[in-house]
Amino acid sequence: MKPKTPLKLPYVVCLVVLTAGFFSSGVLAQRPMPQAQPDDGPKFSQKDKFRQMEEILPTPNIARAASGAPGSGYWQQKVDYEIDIRLDDKTQELFGKEAITYTNNSQDKLSYVWLQLDANIHRPDSDANLIRTTDDVSRMGFRGLKMMLASEAFDGGFNITRCEDTRTRKPLKHTIVKTMMRVDLPGLLDPGQSFKFEIDWNYKINDSSVIGGRSGCEFFEEDGNYIYEVAQWFPRLCAYTDATGWQHKQFLGRGEFTLEMGDYVVRITAPNDHIVASTGTLLNPEQVLTEVQRQRLETAKTTEKPVFIVTPEEAKKNESNKPEGTKTWIFKADQVRDFAFASSRKFIWDAMQHNMGDFPVMAMSFYPNEGEPLWSKFSTHAIIHTLEVYSRYTFDYPYPVAISVNGPVGGMEYPMICFNGPRPEKDGTYSAGTKYGLISVVIHEVGHNYFPMIVNSDERQWTWMDEGLNSFLQYLAEQEWEDGYPSRSGEPRDIVNYMKSRNQVPIMTNSESILQFGPNAYSKPATALNILRETILGRELFDYAFKEYAQRWKFKRPMPADFFRTMEDASGIDLDWFWRGWFYSNEHVDLAITDVRQLNVDTKNPETEKDIRRQERDASPESNSEARNKELVKRDNRYPDLKDFYTDYDELDVTPEDLENFERYFKSLSEEEKELVATKRNFYLISIENIGGLVMPIIYDAEFEDGTKQHVRIPAEIWKQDNEKVTTLLSTEKALKSLTLDPRLETADVALENNYFPPRIAKSRFEMFKGSRFGRGGDNPMRTAKDRDNAKKKPVEEEVKKDGENE
């Protein structure tokens, strides 16, 4: 017989009396507001994760509207360049002269202008060299030591030899301040006026193998030739904006570029056997291309696959050429913020036209034979794929060419042209990492045409505004390349290790102060936007808002607030909590199920309720003492006179009084209340704790005893009044078996082990090894397969040779 003690409820079960007043019109009735009571304890001290961001974001004004759109008084400067540049292939030097027309569209009078001299980063005494830090010099490798010593000796800075007023031909006073140069104007430049001046300069091109950077040359010992990838090669105007005035933060290497839009005419003089790839449209193909090359370009306009303009065989032959002079290639580019080019006699060149509606775009790749067969197979296709996907989410690509070049720079972007590094092995095989590395870097760098080349953000200040948005679109494009594409960022589960790591700073950190640069500026914002698209807004709302941002700021200069405000303005959803958590904090997502309690309606029917309680009592485990005490001779058995009414009384027996009380109670209920009392639903109180601090929607799967599941999604606003712990209600007619938080891994939750109720056993595996760990094999399966095929062919070839000798 079970002990007749008061009922002790199991862990997940709690009974409650739902009286007639508990429900009102199908919802929980509001209880009276409690009266304020004196309390000696601490006041509520949580951070308000949903506090609006007006106090953080800059005040809207005539230039930038509160909606996130350019205001009615938006303006930006315009800078046009006419440049002549000569490449010396013998000394690896550039000699240039430029005429700059600066148009003041602001309402300010300007007495000077600032220019960027980015190549000055390669001076031995540059800030970039002087502020380098290291934790452990003892672990420096040969290449690292070689580069450090080279940077102490190599002077690749600008030599400014002339700076004068075009109209008067008088010299202009100029002051070089590290990687910047101030040019004092002869008088105030009024709003709406233009000023034209000229600069001559020269500098040495860095050898990328010893002096790294975003530009440089690569020497090939086998044939004695160079590939030049030339960028940041001319004095360029700094941006003057409504938000920052002159943006002349020094170039330290990480924070990239902030530039003005303008039109360019550039004449590039190179050895006459070089092929030149460049920003812009080639104006003089008759002077620099052969008739065969021009015919092949015509064919590329209608072909369904890339066409060689310069074949691998022709490029190989060119390697042994000796130039007989020079050629000048003339390019024109309108409405661009920068200009870059590449030059070499080693280039293979392929092309294929892609039409953006009625607008033709020539996609082209330039690469040496060392890039084959990888580059001819993937590069130009990756360019076109990028244009197709990115344009769908933003705007149609507006430029006439899109170019990918293989050379010394691993990955760098400029208007209409980008530099990309991956190459196959010398035997032509390549690993999966090399294949997908090339496709991904081409997508990424071509994608930069959209951000920041056209949506012209301030890279020097905010790396995430181009790298993060571009990495997000890169992920979308990669997923349209092939099933199971191994994207490195975008999926929330892939950023978990970074999110729970130490030494973090928020995304909204200046480029030069970022810790863990790649995850912070690329992966985290890309993942945040993917979560915003898939989990918070949904694809339809997100895609509309994101495209609205891109089209509002096409060929203009947005700031972070313009992006945040546009996404809210166009989606109709308050996202301040999301920007505050993902962009302004370094908190992470870690939601945990801490408690689940089951509630059922107490019908007050004694026959029903007491039977339930008896079953629960009988099902409770018997303690050791209870089991062993059964054998004891009880005193009331020895002395029967001690027995009375309560000896055999069971409080769970139904008495006539119980039945009478229930009958009176039931008659007092309305028909609607009787239906509520008779409900067979289970009510589960699910307690969730926010351990990581970052508020997110609560998403869970409820699995029931009958094997069915229910997917539940609760908006992040559930955390509005308490962002540390909440309790949510699940109402169902089924018996709950288990719960799983974030079942599709869509929130970057860093600790999945606390996402289950009841808890699960954590499973893992350990590696056994003897002596030392073996290196990973199979990094290049293509080479392994090739070696295997060769091994099979060798006995056959030897047998054929033997038969021939016998004959």
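In the predicted model, Pro452 is placed in helix α8, which spans residues 449–454. The peptide bond that joins Phe451 to Pro452 is cis, with omega at about 15°. A cis peptide bond also joins Phe757 and Pro758, and there omega is about 0°. Pro758 is located in a loop, the one that runs between β32 (756–757) and α20 (781–806).

Lys604 belongs to the loop that links β26 (591–599) with α15 (606–619). Its relative accessibility is 39%, so Lys604 counts as partly exposed. Leu745, likewise not a glycine, has a positive phi near 50°. The loop between β31 (736–741) and β32 holds Leu745. Leu745 counts as partly exposed because its relative accessibility is 27%.

The packing of two helices was examined next. Helix α6, made of residues 374–393, packs against helix α9, made of residues 464–479, at an angle of about 115°. The axes of α6 and α9 lie 10 Å apart, and the crossing of α6 past α9 is right-handed. On the α6 side, the contact is made by His385, Val389, Tyr390 and Tyr393.

Strands of a sheet pair through backbone hydrogen bonds, in a parallel or an antiparallel manner. In this sheet, seven strands follow the order β6-β9-β4-β3-β15-β19-β17, and their pairing is mixed. The edges are formed by β6 (159–165) and β17 (281–282), each of which pairs on one side only. The partner of β17 is β19, a strand of residues 326–336, and the two pair in the antiparallel sense over two bridges. Within this pairing, Leu282 is opposite Phe331 of β19.

Thr166 is buried, because its relative accessible area of 18% falls under the 20% limit. When residues up to four places away in sequence are not counted, Thr166 touches Lys196, Phe197 and Glu198.

Another loop residue is Met696, which is found between β27 (682–690) and β28 (698–704). The relative accessible area of Met696 is 0%, and therefore Met696 is buried. With neighbours within four places in sequence left aside, the contacts of Met696 include Ile531, Trp577, Trp582, Val589 and Leu591. Ala716, Trp719 and Thr747 are also in contact with Met696. Met696 and Glu298 are 398 residues apart along the chain, and 54 Å separates their C-alpha atoms.

A residue placed in a strand, Asp595, was also examined. Asp595 lies in β26. Asp595 counts as buried because its relative accessibility is 17%, which is under 20%. Along the chain, Asp595 and Ser194 are 401 residues apart, and their C-alpha atoms are separated by 70 Å.

Cysteines were searched for disulfides. A disulfide is a covalent bond between the sulfur atoms of two cysteines. The count of disulfides in the model is zero. For Cys217, the nearest cysteine sulfur belongs to Cys418 and is 19 Å away. This separation of 19 Å is not within the 2.5 Å required of a disulfide, so Cys217 is in none. Cys418 is likewise in no disulfide, as the nearest cysteine sulfur to its own is that of Cys217, at 19 Å. Cys217 has a relative accessible area of 2% and is therefore buried. Cys418, with a relative accessibility of 0%, also counts as buried.

Technical notes. Residues are numbered from 1 along each chain as its sequence is written. This is a predicted model: local features need pLDDT of at least 70, side-chain atom pairs count only at pLDDT 80 or more; totals for chains, interfaces and linings use all residues. Side-chain values use heavy atoms; hydrogens and water are left out. Axes are lines fitted to C-alpha atoms, for helices over the stretch in contact, and angles run from 0 to 180 degrees between N-to-C directions. Helices (H or I, at least four residues) and strands (E, at least two) are DSSP runs, numbered from the N terminus. A crossing is left-handed if the near helix is turned anticlockwise from the far one by less than a right angle, and right-handed if clockwise. Contact means heavy atoms within 4.5 Å. Buried means under 20% relative accessible area, exposed over 50%, partly exposed in between (1.4 Å probe, protein chains only). Two strands pair if DSSP finds at least two bridges between them.
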